[in-house]
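This report covers a single protein chain.

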Amino acid sequence: MPAQASANQDPVSPAPSQPASMASPEAQKAGAAPAEENQVGTGAEKIGAPAPPYQKSWLARHFSLLRRDRQAQKAGQLFSGLLALNVVFLGGAFICSMIFNNVAVTLGDVWILLAALKALSLLWLLYYATCTTRHTHAMLFRDPHAGSIWVRGSLVLFGSCAICLNVFRVGYDVSHIHCKSQLELIFPVIEIVFIGAQTWVLWKHCKDCVQVQTNFTRCGLMLTLATNLLLWVLAVTNDSMHREIKAELSALVENFSGNDTNTCVCLNATVCEVFQKGYLMLYPFSTEYCLICCAVLFVMWKNVGRRLAPHAGAHPGTPPFHLHGAIFGPLLGLLALVAGVCVFVLFQIEASGLAIARQYFILYYAFYVAVLPAMSLACLAGTAIHGLEERELDTLKNPTRSLDVVLLMGAALGQMGIAYFSIVAIVATRPHELLNRLILAYSLLIILQHIAQNLFIIEGLHRRPLWETAGKQEAELPRRGSLLELGQDLRRASLAYIHSYSHLNWKRRALKEICLFLILCNLTLWMMPAFGIHPEFENGLEKDFYGYRTWFTIVNFGLPLGVFYRMHSVGGLVEVYLEA
């Protein structure tokens with residue numbers, strides 16, 4: 001039989017004169033398998049079956065498989081991306097038609113389209129959680145860099161606020177049920193179910209690198225991402241609820257003055273006021289939640305079919321968060337936090353009345369004009385210290401870090417866009433009044449602070465962590481000579497690392513002080529627009545210059561991005577602090 005097998009293989013042998021001693025053990029093993037297959041298949045050859053094809057080497061087979069995997073992955077990403085693009089264009093056409101011709105395409109039509117998209121996305125989320133992830137080989141890898149604790153925490157926080165927002169909307173509609181359609185109650189209920197299921201799935205599976213049903217998973221992720229993006233676009237452009245509240249307040253004033261109107265007025269004024277205040281306060285959280293979901297879904301989409309190295313499965317041993325003797329950064333940050341809380345409370349108390357006095361706007365913008373230059377100087381100093389450091393740059397491919405940088409740069413466009421519109425409005429109208437000069441200074445400083453902070457965070461994220469450098473040096477120590485020298489070198493390296501880590505040099509101490517100061521300041525600047533009435537819309541200057549609807553769209557586009565930027569900056573600053 002061996003002779004017969006070799007005779008059968010001679011006509012297709014590519015190099016019969018090659019010496020047998022030149023073959024590697026791997027090649028001999030690889031050649032043993034085809035020989036056995038040929039022995040088994042001799043019966044088929046005797047009856048006239050075609051000869052087996054030439055068996056490629058292990059290297060050729062391996063690279064051909066990798067090439068096919070990459071082509072399949074690119075094709076799946078392209079198809080799912082086109083699906084999301086078409087869904088976004090369709091929804092965008094509906095929303096734009098509603099804005100420019102609300103007779104032909106009404107808000108109810110847009111709600112019906114979004115309800116259908118939410119139902120499809122909800123079905124896929126449930127299928128993914130109950131079927132796809134339960135597959136035997138579905139979760140061979142998990143991305144350790146995806147789904148950090150601050151991302152998942154903000155996902156739950158803003159998701160809970162978005163659910164409360166829809167509860168307030170249901171309460172508001174129920175209090176006006178005598179003049180509203182009962183069909184309108186269905187849409188907030190669908191929204192509550194969709195947000196709850198989506199938050200649970202993303203919290204549990206945000207690190208997944210799915211290896212089964214990859215094309216179906218990519219399409220489901222892109223459909224859900226497109227749905228969240230359309231919800232964000234609708235929240236940015238839809239001011240129907242605000243107009244209803246404003247019309248109801250004006251109708252109440254006219255009723256008190258004796259002029260009766262046919263406007264839909266709430267039966268219980270106290271209950272309606274609670275629903276209105278809750279809805280207006282939580283409105284930015286809904287748009288913020290959509291942005292966070294889009295970011296998490298995009299990371300999951302990039303990780304579909306991704307195979308990680310065996311050592312990349314475990315999260316690197318980052319050191320715990322300690323102050324390490326930092327004093328001035330936390331003190332200055334706490335001072336800014338306390339001052340911001342005081343200004344925030346005073347402004348909120350004043351905003352609860354019918355009109356906000358001018359001095360409270362001056363106080364609000366004066367606080368920003370005092371804090372923003374300090375933050376910009378701290379960021380510039382931190383960037384200069386990064387340039388003086390001896391740590392090498394981390395040039396390894398990291399999709400999560402790349403997305404963090406893109407989100408940081410993209411989210412900064414929100415407040416910067418509002419600032420540029422404010423600058424144009426102030427310079428073109430009344431630039432010499434005190435309040436307008438403060439708003440002008442605030443707008444210029446917010447642009448400078450965003451640029452300086454982005455430079456500092458991005459530079460810090462691309463530096464190799466100190467604990468990783470120390471681990472690399474200890475891994476190189478076994479190249480030394482005797483076992484005694486090896487033990488002494490390990491002991492010296494460990495003592496030097498502990499001494500360097502516990503007793504910071506001036507550059508690392510300064511970086512930690514700067515990071516702590518910026519973390520507290522960004523938390524302060526996150527809290528004020530997230531939970532309060534927005535002076536950018538209430539001061540009236542830009543609203544009178546651009547018009548109500550235009551300025552409403554600009555503010556609703558920029559403020560959620562600004563809130564997301566502050567929260568994302570805190571996460572980046574924590575990473576820079578830990579790696580310093």
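## Aromatic pairs

F545 is partly exposed, with a relative accessible area of 35%; buried here means under 20% relative accessible area, exposed over 50%, and partly exposed in between, with a 1.4 Å probe and protein chains only. The model is predicted: local features need pLDDT of at least 70, side-chain atom pairs count only at pLDDT 80 or more, and totals for chains, interfaces and linings use all residues. Residues are numbered from 1 along each chain as its sequence is written, and side-chain values use heavy atoms, with hydrogens and water left out.

Across the whole structure, 18 aromatic pairs are found. Rings of Phe, Tyr and Trp (its six-membered ring) pair if their centres lie within 6.5 Å; planes under 30 degrees apart count as stacked, over 60 as edge-to-face and the rest as tilted. One of the pairs is F158 with F285, which is tilted because the ring centres are 5.3 Å apart and the planes stand at 35 degrees. This pair links distant parts of the chain, with F158 in helix α6 (residues 149-175) and F285 in helix α10 (residues 269-303), 127 residues apart. F158 is buried at 1% relative accessibility, and F285 is buried at 1%. The rings of F545 and Y546 have centres 4.8 Å apart and planes at 80 degrees, so that pair is edge-to-face.

Ring pairs also join F347, F361, Y364, Y365, F367, Y368 and Y442 into a cluster.

## Charges over rings

A charge sits over a ring if NZ of Lys or CZ of Arg is within 6 Å of the ring centre and within 35 degrees of the ring normal. The charged end of R152 sits over the ring of W203, 4.7 Å from its centre. K512 lies over the face of Y577, 4.1 Å from the ring centre.

## Cysteines

A disulfide is a covalent bond between the sulfur atoms of two cysteines. With the cut-off that the two sulfur atoms lie within 2.5 Å, the count is 0 disulfides. C515 is buried at 0% relative accessible area, and C521 is buried at 1%.

## Two buried residues

H568 is in helix α20 (residues 548-579) and is buried, with a relative accessible area of 5%. Beyond its neighbours within four places in sequence, H568 is in contact (heavy atoms within 4.5 Å) with W150, D404, L407 and L408. H568 and N522 are 46 residues apart in sequence, and their C-alpha atoms are 9.5 Å apart.

T217 is in helix α8 (residues 214-237) and is buried at 1% relative accessibility. Its side chain reaches the backbone oxygen of Q213 at 2.7 Å. Leaving out residues up to four places away in sequence, T217 touches W124, Y128, T132, V210, V212 and V304.

## Overall fold

The protein has 20 helices and 2 strands, where helices (H or I, at least four residues) and strands (E, at least two) are DSSP runs numbered from the N terminus. Of its 580 residues, 45% count as buried. Residues 24 or more positions apart account for 87% of the contacts with a separation of 6 or more.

Technical notes. Polar contact = N/O pair within 3.5 Å; in protein donor to acceptor, adjacent residues only side chain to side chain.
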